[in-house]
Amino acid sequence: MPLEKYRNKRNFEVSPEPKGRTIAGRKSSLLYVIQKHRATHLHYDFRLEWNGVLLSWAIPKGPSLDPSVKRLAMQVEDHPVEYGSFEGVIPAGEYGGGTVMLWDRGTWSPEEEDVEAALKKGSLKFDLNGKKLRGSWALVRTRNYRGSQKTAWLLIKHRDAFASSKDITQEKPRSVVSRKLLAQIARSGGGDVEQASTGDP
Ligand code: MN
């Protein structure tokens, strides 16, 4: 069942996150989104639309534009495509409780003929066309953490015109949709402003 894990973890009577529909059929452009999420720990949720859901990875340090830097990306449950429009506050005590920012959004296109085979093999090359992240990237599966059910991948920037040594998470900390910082999103959503502000520069 698509999205079963996603729905089982959440109480939609309490949290404003979308319950999600699954959409059948291929679309010509595929959504790409990164949500900056100040939950128990700050992380960046990297999501790629595929087969009517958002494949999702949690990246503790966020993406790096430097091709020599590999960023750990823990694969998490598929999310509904509508989640790619969510910015706001997940109530404290709920799964993922904290503040969510739409940090980057755009489209992606696979550099692979067969995406299913690439995912299975654990090496997916793709292009991002976001506001902050662009150009060629790779996700490469690596060893699993001991005792963890989640699968560890690495997010790596390929060498191209969009590679850079600048720290994009520090230089571009605002929402691409509302231009707000985490603390401002928490304030408007009735969340924990002090906790959220620890994720702002
Ligand atoms: Mn998250």
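His 37 counts as buried because its relative accessibility is 7%, where buried means under 20% relative accessible area, exposed over 50% and partly exposed in between, with a 1.4 Å probe and protein chains only. This is a predicted model, with local features needing pLDDT of at least 70 and side-chain atom pairs pLDDT 80 or more, while totals for chains, interfaces and linings use all residues. Numbering runs from 1 along each chain as its sequence is written, and side-chain values use heavy atoms, leaving out hydrogens and water.

Here's how the residues with a stated accessibility line up.

| Residue | Relative accessibility | Class |
|---|---|---|
| His 37 | 7% | buried |
| His 43 | 15% | buried |
| Asp 160 | 27% | partly exposed |

As for Asp 160, look in the loop between strand E9 (151-157) and helix H3 (168-171); helices (H or I, at least four residues) and strands (E, at least two) are DSSP runs, numbered from the N terminus. Leaving aside residues up to four places away in sequence, Asp 160 touches Gly 135 and Ser 136, contact being heavy atoms within 4.5 Å. Its C-alpha sits 12 Å from that of Leu 128, 32 residues apart along the chain.
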